[in-house]
2 protein chains.
Amino acid sequence: MTMKELLSTHYPFWNHLSEEEQQAFVTCSTIQEYKKGNLLQDKHHHCLGIFLVQSGQVRVYIQSDEGREITLFRINPNEICTLSAGCVMEEISFEIMMEATEDSVLLISGTPCLRRLMGSNLYMENYIYKHIAEHFSDVMWAISEILFKSFDKRLAGYLEDEKLNRKSTTIQATHDEIAKELGSAREVVSRMLKYFEKEGIVSLSRGTIQITNEAKLRALAL
Amino acid sequence: MTMKELLSTHYPFWNHLSEEEQQAFVTCSTIQEYKKGNLLQDKHHHCLGIFLVQSGQVRVYIQSDEGREITLFRINPNEICTLSAGCVMEEISFEIMMEATEDSVLLISGTPCLRRLMGSNLYMENYIYKHIAEHFSDVMWAISEILFKSFDKRLAGYLEDEKLNRKSTTIQATHDEIAKELGSAREVVSRMLKYFEKEGIVSLSRGTIQITNEAKLRALAL
């Protein structure tokens, strides 16, 4: 697929751009590869532009000064992220981090031309703000989970989700990874997993969690 | 001021509405009064529309099943809230609560006509989504405070802000009110205030906090 085909397929405002604007949009777009663990954006540099995940996955999270992390949402193949163009919009002033959780290929449309195009084309601007509203909903969900749900339910919900995603009752993840995912401390995760093990819900070995009682896990996650 | 004058003064997309759309916007707008403590919107009914605060103040917050509250932001006179039109936008699916913190007069434009106008007028739609992006920033700020700042700093920051807002070192607020404001428990607030009192930062009496050492408070809030 050419860049033009890619952009016109994935961005519904394409047909509302003038020929000149389409050309500018193509010119400012590039394909970039990130290795697993690479940062796309950190607290001090938040100006990537809008991007489409072609393959891989991007995790969007916030981080405290002490390094505590909370995952806000993830962007999967064929999904678009516009929140990464924060610097183009004066309404967005918070700092978020983004990292590739797998080797990833992204189609990035950079900020200098976005700024110009958003200023001249109302359809494009509107598309981007609407997309931000969607992420807002994701973020509110993540935060309600963190603030309001008791940790046993959250951990059970996490294991249940992973089981469904991986189509397997064997989950490979370190306690540290789970802690970051759930915005908690490693010790808290280890303690709760030990508790689950005693309850006969999981069995634990190095880097692996085996779900041994699916019904009990599901009941807890509800 | 007539309704038409009010709407055209406060909503910048007014001039981009057709005459017919302007008329519809006027027709679906009403002035409503709320008493201090009245709920404008709760978890189950989140479809007020967009509104402008003419006088008073509206607090926007989330509430857990157990009743714990976290204030996200406040809307003061001449400010507009569009997040209250969540039901009109499929991107917004989270539940927020709103209450009048003072006797308030609001200019409300209801949802049935908003839905129609947002569908037909891109300028209006874009205005509303942009406004939501602003609230998103406010919410991210509130949440970072709650998740990442240690409570003594947050309480000190609150007292410092109140001092500046009220232009007085005497702050009238119950521990319960402060707890709700900061998304904490009353006991935690009381305990920390007691600690501040012992440190010579404040002196406490029923419903009143007197700041006695402004420099020390400021240092803590930083």
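Predicted model: local features only at pLDDT ≥ 70, side-chain atom pairs only at ≥ 80, totals over all residues.
Student: OK, chain A. How many helices and strands?

Tutor: Chain A has eight helices and eleven strands. Both are DSSP runs numbered from the N terminus: helices are H or I with at least four residues, strands are E with at least two. The C-alpha trace of chain A spans about 65 × 35 × 30 Å along its principal axes.

Student: How much of chain A is buried?

Tutor: Of the 222 residues in chain A, 51% are buried. Buried means under 20% relative accessible area, exposed means over 50%, and partly exposed is in between, using a 1.4 Å probe and protein chains only.

Student: What about contacts between residues 24 or more positions apart in chain A?

Tutor: They account for 68% of the chain A contacts with a separation of 6 or more. Contact means heavy atoms within 4.5 Å.

Student: Switching to charges: how many positive and negative side chains in chain A?

Tutor: There are 24 positive and 31 negative side chains, and the centres of the two sets lie 8 Å apart. Lys and Arg count as positive and Asp and Glu as negative, while His and the chain ends are not counted. Each charge is placed at NZ of Lys, CZ of Arg, CG of Asp or CD of Glu.

Student: How many cavities of 30 Å³ or more turn up?

Tutor: One, from a search of the whole structure. A cavity is a set of points on a 1 Å grid over the protein atoms alone where a 1.4 Å probe fits but cannot get out, and lining residues have an atom within 4 Å of a point. The largest cavity has a volume of about 40 Å³. That volume is the space filled by probe spheres set on the points, with grid points joined across faces, edges and corners.

Student: Which residues line the largest cavity?

Tutor: A:Q41, A:H46, A:L83, A:G86, A:C87, A:I92, A:F94 and A:I96.

Student: What about A:E95, where is that?

Tutor: A:E95 is in the chain A loop between β6 (80–81) and β7 (97–100). With a relative accessible area of 43%, A:E95 is partly exposed. Setting aside residues up to four places away in sequence, A:E95 touches A:K43, A:H46 and A:I62.

Student: Now chain B. What does B:F94 touch?

Tutor: Not counting residues up to four places away in sequence, B:F94 touches A:F136, A:S137, A:M140, B:H46 and B:L83. B:F94 sits in the loop between β6 and β7 (97–100) of chain B.

Student: Why does B:F94 count as buried?

Tutor: Because its relative accessible area is 9%.

Student: And A:S137, where is that one?

Tutor: A:S137 is in helix α4 (residues 122–148) of chain A, and A:S137 is buried at 7% relative accessibility. Leaving out residues up to four places away in sequence, A:S137 touches B:E91, B:I92, B:S93 and B:F94.

Student: Which strand holds B:I75?

Tutor: Strand β5 of chain B. B:I75 counts as buried because its relative accessibility is 1%. Beyond residues up to four places away in sequence, the residues B:I75 touches include B:F51, B:V53 and B:Q57. The C-alpha atoms of B:I75 and B:Q57 are separated by 5.7 Å, though the two are 18 residues apart along the chain.

Student: Last one: what's the phi of B:N78 and of B:K167?

Tutor: Phi of B:N78 is near 70°, a positive value in a residue other than glycine. B:K167, also not a glycine, has a positive phi of about 50°.

How values were computed:
Residues numbered from 1 in each chain as written. Chains lettered and ligands numbered in written order. Heavy atoms only, no water. 1 Å grid on protein atoms, 1.4 Å probe; cavity = no way out; pocket = protein on both sides within 12 Å on 5 of 7 lines; lining within 4 Å.
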